Each structure stands twice: as structure tokens, then as C-alpha cells.
Amino acid sequence: MRYSTYLLQRMLLSVVVLLGLSALIFLIARVIPGDPARIALGPLASRTQIASLRTAMHLDEPLYRQYAYYLGGLLNGDFGESLYTRRPASADLRELFPSTLELVVYAGLLMVVVGIPLGILAASYRDTWVDTTVRLISLGGVVTPAFVWAIVLMLIFAYALGVLPVAGRLSPGVVPPPVVTGMITIDALWGGAPSTYFDFLRHLILPAVSLSLAGVAQAARLTRASMVDIAGRPFIEAARAFGISEARIALKYMLKPSLIPTVTILGLDFAALLGNAFLVESVFNWPGMARYGVEVILHKDLNAIVAVVMVMGLFFVVINFLIDILVGYLDPRIRLRQMEDAA
Amino acid sequence: MSTAVAAPAADQLRRTWYAFSRNTGSVVGLAVVVIVVLATALAPWITPFPRHARAFTDFEHASLAPARPHLFGTDTIGRDILTRVVFGFRFSLLLGVVVLSAAVPTGVMLGLVAGYYRGWPETVIMRVTDIFLSIPPLALALAILAVLEPNLQNAMLAVSVMWWPWYTRLVYGLVSSLRNEAYVQAAQIVGASPVHILLREILPNCLPAVLTKMTLDMAFVILIGSSLSFLGLGVQPPDPDLGTMVADGAKYMPDLWWISVFPGLGILVIVLGFNLLGDGLRDVFGVEV
């Protein structure tokens with residue numbers, strides 16, 4: 001099997017996963033008691049109104065036909081109207097998802113640029129106070145839910161010290177940049193408004209940090225563990241025997257192979273950030289998908305729920321696919337094994 | 001080999017305990033878990049205001065900052081936070097225990113079957129497991145809670161549904177290698193039934209890994225459960241739940257900070273305990289989970 005075939009196979013699995021997720025939500029949505037048409041129209045609707053909506057929603061047709069219609073809608077990005085906002089759910093998400101995505105991307109960056117160096121540091125100074133400190137930090141990150149971090153950091157930095165803004169995305173009075181992508185980083189810098197961008201960054205720090213801490217902890221732990229594991233391998237001894245400097249051994253010969261498990265798990269963590277963003281957004285009043293998601297769940301707004309869950313699923317699947325590619329790049333054995341199987 | 005070895009078994013236990021007790025973290029974890037379990041069991045007797053655990057109002061003593069006799073302060077309707085945190089541990093433990101006792105047997109059984117019988121049972125079970133594992137964890141729970149009423153039982157159901165595949169995968173991996181062991185082949189040759197082989201020969205050898213993972217997962221299930229109730233999708237008021245309490249307090253930041261911060265620390269303590277204990281077990285058993 002060629003490497004490209006392997007990737008194609010992974011891609012097909014992603015499609016199967018999305019189909020599975022859509023079928024699961026469809027089934028759950030259909031087993032709940034209550035007539036969806038009645039719920040959509042409210043208690044005052046007449047019998048004929050309900051009957052005509054039932055026809056329009058294909059509710060009188062067999063289940064597999066209903067699933068086909070539903071799937072067709074999903075493929076066109078049509079999730080139907082949200083009962084909560086009375087707008088197409090896809091339009092709601094187009095407005096809200098970019099700002100969540102932006103938060104998640106920054107948190108993901110923090111995970112990598114803080115977590116991996118911490119792990120390298122801990123492995124290089126193994127069994128010293130540096131190692132112990134990093135271990136305590138990562139323990140704290142793993143065992144504390146993101147919303148508790150959010151509240152604690154907010155109390156310290158926004159209220160007690162007053163150095164960072166409490167909530168929101170921009171200070172009052174700062175004109176938001178014209179919406180192009182919905183992500184302020186791009187919109188502000190593209191529109192030539194760096195001061196808006198810096199204001200945004202100040203608002204971003206606390207949510208992004210609270211969101212990333214669990215991932216930072218995980219990254220540091222994993223990087224340390226696999227660096228320590230690889231440090232005992234013969235090829236490192238060999239490099240040392242050749243007189244290569246310790247720093248070069250650590251950063252060149254040990255880092256790349258030890259990143260393989262880290263990247264795999266970090267990919268999962270990165271995808272999980274989208275779920276945790278729900279918790280952080282609600283603390284910092286971040287105008288993203290979270291509040292919408294919770295509201296539509298509490299309002300039993302099925303179309304919007306399907307939209308939110310499918311967007312999360314799609315994000316998860318795309319990230320996992322990218323991780324497969326990245327791991328293939330980092331680990332030539334994966335690529336080669338696929339080649340050998342072909343031979 | 002089960003009856004004649006009472007003394008060596010005790011010896012083994014003592015040795016395991018010795019290895020376990022060398023690690024400060026493990027002992028701290030065990031101590032935290034024991035204290036939390038005892039505190040929840042004895043909550044009605046040891047908490048200062050047991051009546052405050054449920055619906056109760058006392059506006060005269062509302063929103064008091066931490067001071068005697070309310071060491072953690074009171075909430076906006078005058079309930080003692082310390083009492084509610086201790087009672088809140090009950091819901092956390094309950095969630096963890098119920099979820100794991102639903103998810104673990106299911107996952108383990110499927111893993112045993114998939115790992116032992118090759119062919120279509122393996123394909124079907126493992127593909128379904130893969131799909132479940134590929135669904136973002138919180139999304140599945142949200143989808144389930146979306147259509148059911150948000151309450152403790154449904155939160156348990158939602159978390160259980162997302163948890164079993166991890167055990168299927170773990171046990172499947174173990175069985176795949178154990179099925180070629182000499183003692184399994186010996187049992188096959190003397191004509192032992194597959195049920196006997198799976199439950200009496202293979203399962204006991206999977207238990208250290210499963211128990212270790214269960215301990216670590218108590219921590220994660222409690223974390224997820226508190227996140228769901230933080231969003232208002234888990235335990236409903238007036239029942240005291242740590243996540244719900246943090247969410248309540250968040251509305252009164254920063255003035256009434258204690259309403260959120262102490263329940264938040266409560267989550268930290270209980271999760272930390274199970275996490276350290278699980279890490280300790282992993283080292284002692286020498287298993288990968």
C-alpha cells in the first residue's frame with residue numbers, strides 16, 4: 001500500500017465517522033417523544049398547519065427516506081432553521097464559529113509553544129528542581145477543569161491586579177474591524193488596524209491561557225516521557241560517542257522522534273479544545289459558539305443542535321486527518337511500513 | 001494455584017504495598033481519596049450545617065465572606081459553602097461510580113470478544129469502537145443531553161455512552177497478545193469452554209490495567225461531569241454539585257468570589273486524589289493504559 005493510499009483510507013474513515021455521527025444524532029432526535037412539527041409551531045398551531053409542516057418536513061415518510069433528506073441537507077450545509085433564533089442555523093454558526101475557532105487556534109499554539117519546551121526542559125534537567133516544578137505545573141493543568149482556571153485567572157489578573165480586561169473580545173469604544181472572516185486577527189491586520197488587534201490580544205490572553213492549560217500540561221508530560229525514553233536508546237549513545245554536543249543531541253536527534261507520541265495526543269487535545277471552549281467562553285463572555293450551543297440545547301432546538309454537533313465533529317475529523325499526515329512526516333517508519341506492505 | 005498460596009499472596013500484597021508506599025504522590029492520592037470517601041459517607045454528621053445541603057434559605061446570613069462559623073462563606077441565599085462542597089463530593093463520586101460501572105463491563109466484554117474471536121465479531125466491534133472514539137467526546141454528550149432532559153441520570157447516561165469504547169480498545173489490545181500465551185493454549189487443548197478461557201484465564205490478566213484505568217478515569221469522569229453541570233446540563237439545583245456551584249458563583253464575581261472558588265478547589269482536590277492514586281497503581285502494576 002502506498003502512503004497516499006494510506007492517507008486516502010484515513011480520509012474515507014473520516015467520512016464514515018461523520019456519517020456515523022449524523023446517523024446517531026438523527027436516531028437520537030427521532031426517538032424523543034413529541035412531534036417535531038408541533039414543537040416547531042408551538043401550542044397554538046392549527047391541525048392543518050401542523051399537517052402541512054409535517055409534509056414539508058417529510059415526517060410522514062419512512063425513516064430511511066427521512067434520513068436521506070436530512071443527509072442531503074447536511075451535505076449542502078443546510079441545517080434548517082433554528083427555532084431559537086428563527087434564522088438558518090448555518091447562518092448563526094457562520095457568525096459564531098470563527099470567533100470560537102480563533103480562541104481555539106491561539107490556545108492550540110500555546111499548547112505547542114509552551115508545553116513542548118517545558119517538556120524538553122524537564123527531560124534535560126531530569127530529577128532536578130526544574131523537573132519537579134514542571135511536573136507540578138502539569139499536574140495542576142491536568143486536574144483542574146478549564147472553567148475553574150478561567151475563574152481563578154480572572155480573579156487574579158482582571159480583578160485583583162487589574163492588568164487585563166475582564167471579558168469580551170474588544171474594549172468598549174474600540175470599533176470592531178469590518179467582518180471578512182469573523183476572526184479579528186485576520187480582519188484587523190488585513191484592514192490595517194493594528195491597535196484593534198492589540199486590544200483584542202489583551203482580551204484573548206486569559207481565555208486562551210485557561211483553555212490551553214490542560215493541553216500544555218499534557219504536552220509537557222508526554223514530551224518529557226518520550227525524551228527520557230529515547231535518551232536511553234543506543235543511537236543517542238552513538239551520537240554522544242561521536243562527540244556531538246548535548247544541546248544538539250537534545251534538539252536534533254532526540255526531539256523529532258520524541259514528538260511522535262506528543263503530536264498524536266496533542267491532536268486529540270487540540271480537537272477537544274473546541275468542547276472545552278464551551279466552558280471558557282461562558283466565563284469570559286466570549287461571543288462564540290458556546291452560549292449558542294447551550295441555549296439551543298436547553299431550548300431543544302434540534303436543527304441548531306445538529307448544526308453545532310456536526311461542526312464539532314467535522315473539526316475533530318479534519319484535525320485528526322491533519323495529524324495523520326503530520327505523524328507520517330515525522331515518523332518515516334509509518335510511511336515505509338506502508339510501502340513494504342505493498343512490496 | 002489459588003488455594004495453596006495464601007501466604008505468598010499476602011507476601012505479594014505486602015511487596016506491592018511497599019512499592020506503592022515508596023511514592024509520595026501515590027500515598028497522597030490514596031489519602032485524599034480515603035478522606036473524600038469518608039467525608040461524603042459521614043457528611044450529615046461532620047458538616048456544620050447539614051440542612052443547607054438542599055433547598056434552604058437564610059437571608060440574614062446570605063453572602064457572608066469566609067469567617068467563623070462559615071469557613072468557606074455562604075452563598076447568596078445563606079447556605080454554608082463548606083457543607084455544600086462536602087455534599088457535592090457525593091454527586092461527583094456517584095457520577096464516577098455509576099458511569100464506570102456501566103461503561104467498564106460493557107467495554108471489557110466487547111474487548112474480550114473482539115480480541116479472542118477473530119473474523120466478523122472483531123471487525124464489527126472494532127469498527128464501531130473506532131467510530132465512537134472518533135466522535136469528539138463532549139459533542140456526543142451534548143447531543144444526548146440535547147434531546148433528553150438535562151439532569152444527573154441523563155448526564156450519567158451521556159458520559160457512559162462516550163466512555164465504554166476506551167475499555168474495548170484497551171482490553172482488545174491486551175487480549176490480542178494474551179490469546180497466544182501458553183496457558184491459554186493449554187486451556188484450549190484440554191477442552192476448556194471459550195467462556196472459561198475468557199473469564200477465568202484471560203480476564204484476570206487484564207484486571208491490573210483495567211483497574212488502573214478505572215482509577216484514572218474516576219478523575220476524568222468527575223471532571224467531565226462537573227463541566228456538564230457547570231453548563232447547566234448535569235445535576236440540577238437545589239442539589240449541591242461542585243460544577244453547578246462554580247457556575248452560580250461566577251455570576252457574582254469578583255465580590256462573592258468564595259461561592260465559586262471553594263467548590264472549584266473541591267473539584268481540584270477530588271480529581272487530584274484519583275489522578276495521583278491512578279498514577280501510583282500504574283507504576284506498581286507496570287501497565288500501560
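Is L42(B) buried, partly exposed or exposed? L42(B) counts as partly exposed, because its relative accessible area of 39% falls between the 20% and 50% cut-offs. Please keep in mind that this is a predicted model.

**A nonpolar patch on chain B**

- L42(B) sits in the loop between α2 and α3 of chain B.
- Together with V34(B), L38(B), W45(B) and I46(B), L42(B) forms a nonpolar patch on the surface.
- The accessible area of these residues together is about 540 Å².

- The size of an interface is often given as the accessible area lost when the parts come together.
- Between chain B and chain A, the buried area is about 3400 Å², and carbon and sulfur atoms give 85% of that area.
- Chain B brings 43 residues to the contact, and chain A brings 36 residues.
- One salt bridge is found across the interface of chain B and chain A.
- The side chains of D279(B) and R221(A) meet in a salt bridge, with 3.2 Å from N to O.
- On the side of chain B that touches chain A, at least two residues each come from α5 (120-134), α6 (137-147), α9 (194-230), α10 (242-250) and α11 (258-285) of chain B.
- One residue pair is in polar contact across the interface of chain B and chain A, with both residues at pLDDT 80 or more.

**A buried serine in chain A**

- S22(A) belongs to helix α1 (residues 3-31) of chain A.
- With a relative accessible area of 1%, S22(A) counts as buried, because that value is under 20%.
- The side chain of S22(A) reaches the backbone oxygen of L19(A) at 2.7 Å.
- The side chains of S22(A) and Y67(A) are also joined, by a polar contact of 2.9 Å.
- Leaving aside residues up to four places away in sequence, S22(A) touches Y67(A), Y70(A), L71(A), L74(A) and M310(A).

**Salt bridges in the two chains**

- Side chains of opposite charge can pair when their charged atoms come close.
- Over all chains, a search of the whole structure finds 16 salt bridges.
- In chain A, E237(A) forms a salt bridge with R240(A), and their closest N and O atoms are 3.1 Å apart.
- Both E237(A) and R240(A) lie in helix α10 (residues 234-241) of chain A, three residues apart, which is about one turn of the helix.
- E237(A) is partly exposed at 45% relative accessibility, and R240(A) is partly exposed at 31%.
- In chain B, R14(B) and D11(B) form a salt bridge, with their closest N and O atoms 3.7 Å apart.
- Helix α1 (residues 6-21) of chain B holds both R14(B) and D11(B), three residues apart, about one turn of the helix.
- R14(B) is exposed at 57% relative accessibility, whereas D11(B) is partly exposed at 30%.
- K251(B) and D248(B) also meet through their side chains in a salt bridge, at 3.7 Å from N to O.
- K251(B) counts as exposed at 60% relative accessibility, while D248(B) counts as partly exposed at 31%.
- Salt bridges that share partners join R87(A), D92(A) and E95(A) into one network.

Methods. Residues are numbered from 1 along each chain as its sequence is written. Chains are lettered from A and ligands numbered from 1 in the order in which they are written. This is a predicted model: local features need pLDDT of at least 70, side-chain atom pairs count only at pLDDT 80 or more; totals for chains, interfaces and linings use all residues. Side-chain values use heavy atoms; hydrogens and water are left out. Patches are made of residues with over 30% relative accessible area and no salt bridge: like charges are joined within 9 Å, nonpolar side chains (Val, Leu, Ile, Met, Phe, Trp, Tyr) within 5 Å. Accessible areas come from the Shrake-Rupley method with a 1.4 Å probe; for residues, only the protein chains shown count as cover. A salt bridge is a side-chain nitrogen of Lys or Arg within 4 Å of a carboxyl oxygen of Asp or Glu. Helices (H or I, at least four residues) and strands (E, at least two) are DSSP runs, numbered from the N terminus. Buried means under 20% relative accessible area, exposed over 50%, partly exposed in between (1.4 Å probe, protein chains only). Contact means heavy atoms within 4.5 Å. Buried area is the accessible area (1.4 Å probe) that two parts lose on being put together, summed over both. A polar contact is a pair of N or O atoms within 3.5 Å; within protein, one must be able to donate a hydrogen and the other to accept it, and residues adjacent in sequence count only if both atoms are side-chain atoms.
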